[in-house]
Amino acid sequence: MELIIYYTLFAITVGFALGVLLNKNTVKSAMSLVGVMICLAANFLLMRQEFVAFIQIIVYAGAIMVLFLFVIMLLNLRERETTPWYLRSTRFWGGALGLTFFFVMAWGLQVFSAGTTEPAMAAVQADLAARNTPEITVLSTKMITHYIVPFLLTSVLLLVAVIGAIVMARRQDEDGNEILVEDEVA
Amino acid sequence: MTTLALIQAYVPNIHPAHIMPFLVMLVGAILCLIFDAMSDKQGSRDLLPWVAGSTLVATIMSLLIGFMPYNRLFAEETFRADTFSVLGSITIMLACLLAVIMGPALVSRRNIPSGEFYTLIVFVAFGGMTMALSNELLTAFIALEIMSLSLYVLTGIDRRSSRASEAAFKYFILGAFASAFLVLGIGFIFGATHTTHLHEIAAVLGEGSVDLVNGGAAALNPIWIFVGFALLFVGMCFKLSLAPFHMWAPDVYEGANTPTVVMIATSSKIAAFALMVHIVAALARWDLFAEGATYLVGFVALVSMIWGNLGALVQSNFKRMMAYSSVAQTGYMALALMVLIALPGQLEGAKLAAAEEAIKNAIVLYLVGYTVMSALALGIAWLIGGEGHMAGYRGLVFRNPIAATGMAVAMFSLVGIGFTPPTIGFMGKFYLFKEAVQYNFTALAAIAVVTSVISAFYYLNLVVTMFMREETEEAGVRLACMREQTFRLASSDALTRVAMASCTALIFLLGFFPNSLFLIADAIKEGFLR
Amino acid sequence: MQEIFVSNLVLSALLFTIGILGVMWKRNAISLFMSVELMLNAANLAFVSFAYQMGLLSGGILVLFIMTVAAAEAGVGLAIFISMFRAKRHIRVDEHDMLHG
């Protein structure tokens with residue numbers, strides 16, 4: 001039963017991903033990307049990773065994609081892809097290279113991952129449940145102890161992103177002077 | 001167990017003194033921001049470069065004083081400070097300092113938000129230092145993103161120039177593309193070894209098996225590690241602008257403002273190389289890995305040396321030539337990286353450790369040398385306004401003999417081999433090629449020498465243009481025009497001249513006494529505090 | 001359920017490849033960047049699958065960090081697109097750019 005659900009999900013995910021690739025309309029391709037993200041969240045749920053699944057929906061589908069759609073609407077993009085890809089030789093060779101990449105990788109992964117044992121996550125989670133510790137507790141504890149440095153660095157990263165986004169997206173008047181918020185309000 | 005008990009059972013093991021350089025930088029960056037927000041007149045904003053500059057100098061001091069334990073893991077086993085990473089960090093700081101010095105001239109004329117400009121330069125240095133010091137892949141990745149995001153924004157910060165925004169766009173898209181490769185690579189290495197800490201990865205690979213969570217051990221899966229390293233290496237190749245992943249470099253060098261180009265050419269490469277050397281040192285202990293990775297890295301080094309040098313031959317724009325030249329120069333360093341990977345197959349025990357140390361020293365010498373040389377070339381181009389077409393350099397020696405001489409020194413040093421007095425470029429290449437020959441990569445070393453000879457054509461072509469061609473009206477107009485576009489600021493120019501003079505001095509100093517760099521390294525090892 | 005693990009690795013490779021193809025084929029900056037996001041999602045899938053198979057709880061944390069990085073990248077990237085749009089009135093990636101090569 002689980003496998004049937006899984007493979008259906010597999011097919012839908014690939015379909016949405018192809019939608020991102022082949023749609024000529026930017027908004028449609030963004031919606032396909034949302035579909036991929038939601039499918040992946042479902043995939044994570046099948047793997048009993050509830051926390052990551054919900055973060056995936058909240059952060060990716062909820063925040064990042066809204067930002068994308070916002071920018072698409074803001075810039076009012078009506079442009080479509082013009083030349084069919086197969087008419088451009090560079091794209092053709094790029095495609096050939098990409099597909100080779102995929103087949104080599106898929107083959108290697110299939111061959112070398114075959115004969116693996118049962119996934120260990122179920123046992124780990126059962127062990128946590130027996131000790132009456134929620135998984136989220138372990139995750140958060142690890143984050144502020146073992147992974148404290150990346151956690152702190154993330155705050156720096158977000159600061160840089162905020163500064164960068166403000167610098168790049170702030171409006172200018174004709175002479176290139178920054179338009180300040182106070183001026184706009186006044 | 002309650003949450004509190006869990007946390008109390010495991011207090012983060014970070015000594016505040018150990019992370020002093022990081023704290024200094026962060027405080028400096030925040031100070032820049034606050035200073036910018038508090039000052040409402042242009043006059044007080046002129047002090048901003050001093051705040052940023054003194055932050056960088058203070059960081060260099062704190063690195064030299066030796067707050068960090070030498071060659072031991074610290075801060076939750078996230079960082080390790082060895083000679084390579086500390087010397088690299090200091091060089092990163094110096095390159096960013098040059099950008100700060102060059103900054104005021106750019107900021108005042110092009111109407112660039114100065115607070116953000118200097119803060120982002122400090123963040124470039126912060127990201128680079130964190131990356132060079134990190135012993136953990138996730139930390140390194142986040143540090144890389146801090147550095148890259150700052151560089152993307154700095155590239156496009158001159159928003160009135162559509163060239164700059166296009167360069168920022170290209171740099172951003174290819175950078176994001178590369179970081180996706182990096183993430184997948186880290187994922188596979190994590191899956192194979194169950195950890196992202198480099199010392200634990202090295203231990204797992206040394207044992208040849210990985211402990212499972214529910215008891216027992218499983219054999220390592222070679223394909224995961226290979227795929228992981230290959231993806232990670234491809235991602236780093238983008239950041240290092242190694243061929244065939246260098247296509248962004250000429251465009252970004254041409255479109256970005258020169259202070260940013262100095263950082264892209266030097267800081268980001270030093271940081272990425274330090275990380276690569278650490279990753280390779282952790283992975284190379286596993287003999288299965290060494291065989292495959294030698295070919296991969298060797299191929300990239302070969303293509304970079306050939307493509308970079310041939311590409312530079314046909315360029316007529318100075319910055320584009322510097323971009324291709326940087327591809328080639330990074331290729332020479334990748335050659336040494338390949339030797340580093342291949343070493344464990346040839347040597348053992350104490351000999352291996354000594355040989356690895358020698359190669360790392362050769363790479364760091366070359367990195368420092370490359371930084372000084374390209375900083376000199378780009379800085380002089382910035383001073384005389386020669387960032388555009390190289391026809392502007394015709395007969396420069398008659399108009400500005402000092403600048404022409406400095407540029408000639410940089411070019412001779414970049415060529416490296418041949419009839420020049422010992423420059424840092426010569427010494428760096430000599431050590432790199434010597435290591436390659438010593439460990440039976442004679443063919444590749446020969447190709448490296450041949451491509452260096454090819455590089456002499458375009459480097460010396462510029463020298464010939466400056467010294468032996470008649471000065472034309474057109475050349476003078478070209479430079480004057482560029483100068484007008486890039487405006488001048490006396491104080492910034494004077495400091496830049498001082499920096500250029502010290503770069504020239506360093507080229508000869510390190511050329512005659514390459515070991516003096518390792519005296520600094522020894523001082524770092526001892527530390528003033530230890 | 002080891003089938004899920006192995007097929008998920010293949011799915012991850014497939015999504016990653018589609019992302020690469022997107023970066024190579026698309027002409028519109030935002031579509032390009034969406035393909036990059038697809039690649040990052042594929043990487044996340046690989047992380048979670050490995051965590052599931054090996055029983056590594058830290059996999060979830062790594063994914064969380066990568067999502068943060070992706071969000072930061074998206075913020076800056078879209079700001080760069082807006083700035084480029086203002087400068088040039090389009091965000092196509094054409095051969096007729098001022099910078100070529």
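Chains A and B bury about 3,600 Å² between them, with 74% of that on carbon and sulfur atoms; buried area here is the accessible area (1.4 Å probe) that two parts lose on being put together, summed over both. This is a predicted model, where local features need pLDDT of at least 70, side-chain atom pairs count only at pLDDT 80 or more, and totals for chains, interfaces and linings use all residues. Residues are numbered from 1 along each chain as its sequence is written, chains are lettered from A in the order in which they are written, and side-chain values use heavy atoms, leaving out hydrogens and water.

- His146(A), Leu153(A) and Met168(A) supply 15% of the area that chain A buries against chain B, more than any other three residues.
- In contact terms (heavy atoms within 4.5 Å), 37 residues of chain A touch 46 residues of chain B.
- The rule finds one salt bridge across this interface, counting a side-chain nitrogen of Lys or Arg within 4 Å of a carboxyl oxygen of Asp or Glu.
- Arg170(A) and Glu116(B) pair up through their side chains in a salt bridge, at 3.6 Å from N to O.
- H7(A) brings 15 residues, the largest share of the side of chain A that touches chain B; helices are DSSP runs (H or I, at least four residues), numbered from the N terminus.

**Around Phe33(C)**

- Setting aside neighbours within four places in sequence, Phe33(C) has contacts that include Phe68(A), Phe172(B), Ile173(B) and Ala176(B).
- Within chain C, the partners of Phe33(C) include Glu73(C), Ala74(C), Leu78(C) and Phe81(C).

Conventions. Helices (H or I, at least four residues) and strands (E, at least two) are DSSP runs, numbered from the N terminus.
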